[in-house]
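Open the model in your viewer and colour it by secondary structure. The stops below are meant to be taken in order.

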Amino acid sequence: CPFKTGNGFLNFTFFKQAISNQGKFFWFRITEFNLIYFNAFHDQDLKINSLDVLDLYAEPDDRRYPQVCFDESPVQLTSETRHPLPARPGHPARYDTEYQREGTANLFLFVQPLRGWRHVNVTKQRTKPDFARQMRLLVDQYFPTAERIRLVVDNLNTHTPAALYGTFPPDEARRITRKLEFHYTPKHGS
């Protein structure tokens with residue numbers, strides 16, 4: 001989820017004041033060093049999506065309406081071609097940088113920041129049917145008692161209710177989408 005640093009969540013009031021400052025919109029990015037820098041944008045979609053996500057993050061935890069962030073990441077699978085040399089007194093373990101490629105995989109990540117819950121599913125690929133199956137898992141297995149799941153996703157072409165309708169029969173797709181409330185991160189901010 002955006003706006004999280006190593007020290008915890010940033011102050012949303014600060015962000016909203018900065019966003020609304022003099023009718024201009026400022027987009028903040030957090031680097032691995034927890035530094036904040038910003039650029040001025042006049043893109044209203046960026047502003048609307050940013051405020052929507054910030055409003056959602058500022059709401060209290062509610063088990064009936066959990067906030068869940070979802071993302072995915074492709075990964076390269078590798079194996080070592082040489083055995084590492086073990087550590088010995090005065091010398092750390094040594095690893096060769098040479099590797100053998102073993103294919104690729106995709107990681108689907110669910111995060112519920114307010115509860116500290118996360119779950120990773122590994123698949124061979126990232127397609128609309130893969131996304132749809134992840135959403136069914138979210139609704140049926142991870143949060144079966146939730147009335148509605150407030151889902152934060154980026155603007156990837158697979159992250160739409162249409163992926164569910166293209167994968168499942170209409171009744172099943174509708175059952176799942178009725179339990180999901182999509183919140184999209186800004187297109188250039190996720």
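The tour goes from the whole chain to the sheet, then to single strands, the cores and a pair of helices.

**Before selecting anything**

This is a predicted model, in which local features need pLDDT of at least 70 and side-chain atom pairs count only at pLDDT 80 or more, while totals for chains, interfaces and linings use all residues. Residues are numbered from 1 along each chain as its sequence is written, and side-chain values use heavy atoms, with hydrogens and water left out.

**Stop 1: the whole chain**

Show the cartoon. The protein has five helices and nine strands; these are DSSP runs numbered from the N terminus, with helices being H or I of at least four residues and strands being E of at least two. Along the sequence the pattern reads β-β-α-β-β-α-β-β-β-α-β-α-α-β.

Of the 190 residues, 34% count as buried. Buried means under 20% relative accessible area, exposed means over 50%, and partly exposed lies in between, using a 1.4 Å probe and protein chains only. Among contacts (heavy atoms within 4.5 Å) between residues at least 6 apart in sequence, 65% join residues at least 24 apart.

**Stop 2: the open sheet**

Select β5, β6, β7, β8 and β9. These five strands form an open sheet in the order β7-β6-β5-β8-β9, with mixed pairing. Two strands pair if DSSP finds at least two bridges between them. Which strands stand at the edges? They are β7 (117-123) and β9, each with a single partner strand, so one side of each has no neighbour in the sheet. The twist from one strand to the next averages 30 degrees.

Axes here are lines fitted to C-alpha atoms, for helices over the stretch in contact, and angles run from 0 to 180 degrees between N-to-C directions.

**Stop 3: across the sheet, pair by pair**

Start with β6 and β7, which pair in the antiparallel sense over seven bridges. They form a hairpin with four residues between them, and Gly-116 in the turn has a positive phi of about 75 degrees.

Next, β5 and β6 run antiparallel and are joined by 11 bridges; the partner of Val-75 in β6 is Ala-105. Finally, β8 and β9 pair in the parallel sense over five bridges, with Val-153 opposite Tyr-184 in β9.

**Stop 4: Leu-109**

Select Leu-109, in strand β6. Is this residue buried or partly exposed? Leu-109 is partly exposed, at a relative accessible area of 32%. Its bridge partner in β7 is Val-120. Not counting residues up to four places away in sequence, Leu-109 touches Cys-69, Phe-70, Asp-71, Arg-118, His-119 and Val-120. Leu-109 and Asp-71 are 38 residues apart in sequence but 5.3 Å apart in space, C-alpha to C-alpha.

**Stop 5: strand β8**

Select β8 (149-153). Five of its five residues are buried, so the strand is largely enclosed by the rest of the structure. Ile-149, Leu-151 and Val-153 point one way, and Arg-150 and Val-152 point the other.

**Stop 6: the nonpolar cores**

A nonpolar core is a set of buried Ala, Val, Leu, Ile, Met, Phe, Trp, Tyr and Cys residues joined through side-chain atoms within 4.5 Å. In the largest one, of 22 residues, Phe-70, Met-135, Leu-138, Ile-149, Leu-151, Leu-164 and Leu-180 touch the most other members. The elements giving two or more residues to this core are β5 (67-80), β6 (99-112), α3, β8, α4 (161-167), α5 and β9 (180-184). Helix α3 gives the largest share, six residues.

Show the side chain of Leu-138. Leaving aside neighbours within four places in sequence, Leu-138 contacts Val-68, Phe-110, Phe-143, Ile-149, Leu-151 and Leu-180. A second, separate core of five residues includes Val-53, Tyr-57, Cys-69 and Val-152.

**Stop 7: α3 against α5**

Select helix α3 (residues 128-142) and helix α5 (residues 170-177), whose axes come within 10 Å and cross at roughly 60 degrees. The contact is made by Met-135, Arg-136, Val-139 and Asp-140 of α3 and Glu-172, Arg-175 and Ile-176 of α5.
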